[in-house]
Every structure is written in C-alpha cells, then in structure tokens.
Amino acid sequence: MKRTQLMQEFKEQFNYEAERVFFSPGRINLIGEHTDYNGGKVFPCAITMGTYGVVKKRKDNEIHAVSGNFLNIGKITFNMADLSFKKEDNWTNYLKGMIKYIQEKVGALPHGFDVYIYGTIPNGASLSSSASLELLTGIIVKEIYDLNISQLELVKLGMRTENEFLGLNSGILDQFAVGMAKKGHAMLLDTNTLVYEQVPVDLPNHKIIIMNSMTRRELVDSEYNIRRQQCDLALKQLQKVTDVKSLGELSIETFEKYKHIIEDDVLMRRARHAVYENERTERAAEVLKAGDLDQFGKYMNASHISLDEDYEVTIKGTDFLARTAWEQAGVVGARMTGGGFGGCCIAIVLNEEVDKFIDKMKGKYKDEIGHDAEFYIAETAKGAGEWETYE
Ligand code: GAF
C-alpha cells in the first residue's frame with residue numbers, strides 16, 4: 001500500500017490533507033492454539049497484511065472515522081465524552097473501547113481526530129483483524145497526543161477492549177503478536193508471565209502459505225467462550241489434587257496421572273488439548289531454533305489433530321485444508337491457525353513446490369467444499385507503529 005494513495009483517500013473523505021499514517025499488522029500463530037487463556041505458551045508472528053490509519057487532529061472533541069472497506073456505511077462520528085458501546089457504531093466500537101481505556105489510564109485527551117482506515121486482512125479469517133484495529137487505535141492515540149504509555153500497556157488495553165467492551169473472553173495472543181512483533185521473527189510467549197523470546201523464522205527454502213477457508217461458523221464468540229469455561233471447569237477439578245493455578249502449569253506426565261479426576265469426557269479432552277499443546281509449543285520452538293524444520297512440521301500436524309479431535313474447533317473446510325496439505329509434495333506441516341470455527345490454516349511449503357501446491361489445493365478444495373479458498377504467502381512484519389518506519 002502506498003502512503004500517497006492512503007493520503008489521497010483520506011483527502012477524498014475529509015476534503016483536507018492528512019497529517020500522519022500508521023500501520024498495524026495481522027498475525028498468524030505458528031503453534032500454541034487456545035493455550036493463551038490457559039496460562040500456556042504461544043508462538044505467533046505478525047504479518048504484512050494489516051490495517052492502515054490515516055489521521056488528522058481535530059479542534060473539537062469528536063472522532064470522525066471512515067473505513068475504506070465499508071464505504072457503504074459512510075462516516076461514523078462520536079464524541080469522546082460518550083464512549084459507550086453502540087451497535088450502530090459498528091466497527092468503530094473497537095476505537096471507542098481503546099480510547100475509553102486509554103483515557104482511564106492517562107486522563108482525558110485534549111481533542112479528537114479524523115481517521116481513514118483501510119484493512120488488508122480478510123474479515124473473519126482468524127488473522128486478527130480486530131486486534132490489528134485495536135492496536136492501530138492505540139498507536140494513533142499514543143502518537144498524536146504524545147502519551148507516555150508503553151506498547152505493552154496498549155497490548156493489555158487491546159485485550160481489555162476485546163474482553164470487556166466487546167465480550168469475547170480471549171487471551172492476549174493476538175494483541176501481543178500485533179503489538180510486540182519483530183520482522184523475521186516469531187515470539188515464544190509465556191502468557192502466564194508475559195516473558196517472551198523473539199525466535200528468528202529464517203526459512204530460506206520455504207514459504208509460509210496462509211490458506212483461507214472463506215468460511216466462518218455462526219456463534220463463533222459464544223463457542224469460544226464455552227471452550228474457555230470448559231477449561232476453567234477442568235482446572236477446578238484438577239485443583240482438587242494439584243496446586244496448579246492454570247492448565248499451562250501442568251506437565252503431560254502430571255496430567256496423565258490425574259486426568260481421571262475430571263469427571264466429564266468433554267472437559268478432559270479440552271484440558272488434554274491445552275496441556276499437550278502447551279508442551280508441543282515449547283518443543284516446537286526448540287526444534288525450530290535448532291534448525292529441525294521437519295520436526296517442527298510434525299508438531300504443527302499434531303497440533304491440528306488435537307484442535308480437531310480434542311478441542312473441536314475445526315470445521316470441514318479448515319480440516320480439509322490441513323489434512324489435504326499434509327499429502328502434497330514439499331509440505332513440511334500444516335494446521336489451522338487462530339481461534340478456529342472457520343478462518344485460516346497455514347502450511348510450510350518448499351519454495352519450488354509453492355505454485356503447484358496452491359494450484360492443486362485450489363482445485364481439491366473447490367471439488368470437496370463447493371466454493372473457493374484463498375491463498376496468500378505470509379511475510380512477517382513488525383508490531384504496530386508509524387507507517388514511515390515500515391517503508
Ligand atoms: C483467538 C483469541 F483471540 C486468542 O486469544 C487465542 O485464544 C486464539 O483465538 C486461539 O489460540 O484468536
């Protein structure tokens with residue numbers, strides 16, 4: 001995306017020149033799914049698909065926002081004195097939540113702003129378009145008011161927006177990846193302590209392919225919240241015999257010893273996923289650091305199977321994409337990525353096989369599922385910031 005083009009689009013909407021341009025990436029999670037609200041490890045990287053924000057300060061207390069992706073909705077206006085959730089304010093509720101919580105932290109902001117937003121992350125594709133918009137808002141507000149607030153604080157306020165303002169009880173994975181990423185790296189993050197390590201993902205002979213099932217199940221948020229409750233219930237039962245505070249603290253060995261305590265089979269399987277996925281993520285990061293990509297791929301595949309069979313967050317389309325990818329030449333590993341219930345899978349594919357892989361996968365998916373899937377080559381990005389620092 002060109003800065004000049006974004007500035008022009010702002011001008012068409014507001015009839016004057018913009019002042020600054022910001023960018024916030026999306027993310028893929030290489031492994032470590034549904035572990036973040038269980039105090040476990042995740043291993044995401046930010047990607048160059050993301051959300052742009054073009055901004056000019058206003059003299060009054062209003063925010064005027066237009067999205068290039070929803071031009072049919074038009075300009076949405078609200079006052080910073082009333083930052084309550086309103087359904088009719090649509091996508092700008094993400095802005096409202098962030099601004100509300102930032103104000104709670106630093107005090108009332110002196111004036112509003114005009115903003116033109118444009119996103120390149122497909123909606124509902126489990127590539128964190130929401131966290132991208134939250135962190136974009138955070139970075140805009142921080143920069144234009146010159147606030148003394150750290151990137152990590154913005155990450156936490158992004159998660160708060162998701163949890164308290166929008167009602168999705170998500171963990172910190174998405175906001176952390178979008179806010180703290182380093183180009184060329186994936187982050188091994190301990191969601192319990194927020195200690196993290198940037199691990200280089202130099203894959204000179206391979207590409208990471210994002211495979212979008214172009215399907216999203218209804219009631220995704222409620223299904224997600226149910227998974228979280230199930231993990232909490234399983235944990236409570238395990239706490240009768242262990243003193244762990246989260247499933248992420250349990251080793252596989254301890255879990256296997258005590259899993260019979262969990263009375264309900266569904267709860268046992270949810271907890272089993274969280275415990276095994278956590279260890280798998282740690283091991284996967286280790287083998288990647290050691291250069292053993294084949295073993296990394298095996299962990300990816302095992303992660304997908306666990307998300308399908310124990311956690312039950314795949315759908316026909318994502319399951320088909322991952323399992324069909326495993327059978328193709330040059331594929332190191334493949335799995336669903338993100339919250340699930342539709343959205344995307346990722347596959348690591350040998351450079352020279354990429355074109356053939358995408359061609360074959362497209363045909364097979366259409367034949368089996370009945371509509372097209374989309375494929376993108378992932379490129380890593382750094383966390384949200386002023387656009388100049390990306391060019
Ligand atoms: C969604 C959530 F927002 C994350 O916090 C995480 O739980 C993920 O699903 C599953 O790993 O993206």
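Which residues does Asp174 touch, not counting residues up to four places away in sequence? They are Arg27, Ser128 and Ala131. Touching, or contact, means that the C-beta atoms of two residues, placed from the backbone, lie within 7 Å. Asp174 is found in helix 5 (residues 173-180). UniProt, in an unreviewed entry, places the feature "active site" at Asp174. UniProt positions are given in the numbering used here, and annotations may be inferred rather than shown by experiment. Asp174 counts as buried because 30 other C-beta atoms lie within 10 Å. The cut-off for buried is 20 or more other C-beta atoms within 10 Å of the residue's own; exposed is 12 or fewer, and partly exposed is in between.

This is a predicted model: local features need pLDDT of at least 70, side-chain atom pairs count only at pLDDT 80 or more, and totals for chains, interfaces and linings use all residues. Residues are numbered from 1 along each chain as its sequence is written.

Now step back to the whole chain. It holds eleven helices and twelve strands. Both are DSSP runs numbered from the N terminus: helices are H or I with at least four residues, strands are E with at least two. Of the 391 residues, 47% count as buried. Among contacts between residues at least 6 apart in sequence, 73% join residues at least 24 apart. The C-alpha trace spans about 65 × 50 × 40 Å along its principal axes.

Two strands pair if DSSP finds at least two bridges between them. Strand 8 (residues 206-216) and strand 10 (residues 342-350) run antiparallel, joined by eight bridges. Here Lys207 stands opposite Val349 in strand 10.

Finally, turn to helix 9 (residues 293-309). Its 17 residues should span 24 Å at 1.5 Å a residue, and its end C-alpha atoms are 24 Å apart, which agrees. The expected span is 1.5 Å times one less than the number of residues. Buried residues in helix 9 include Phe296, Tyr299, Met300 and Leu307. The buried residues of helix 9 pack against strand 1 (20-31), helix 8 (265-289), helix 10 (316-326), strand 9 and strand 10.
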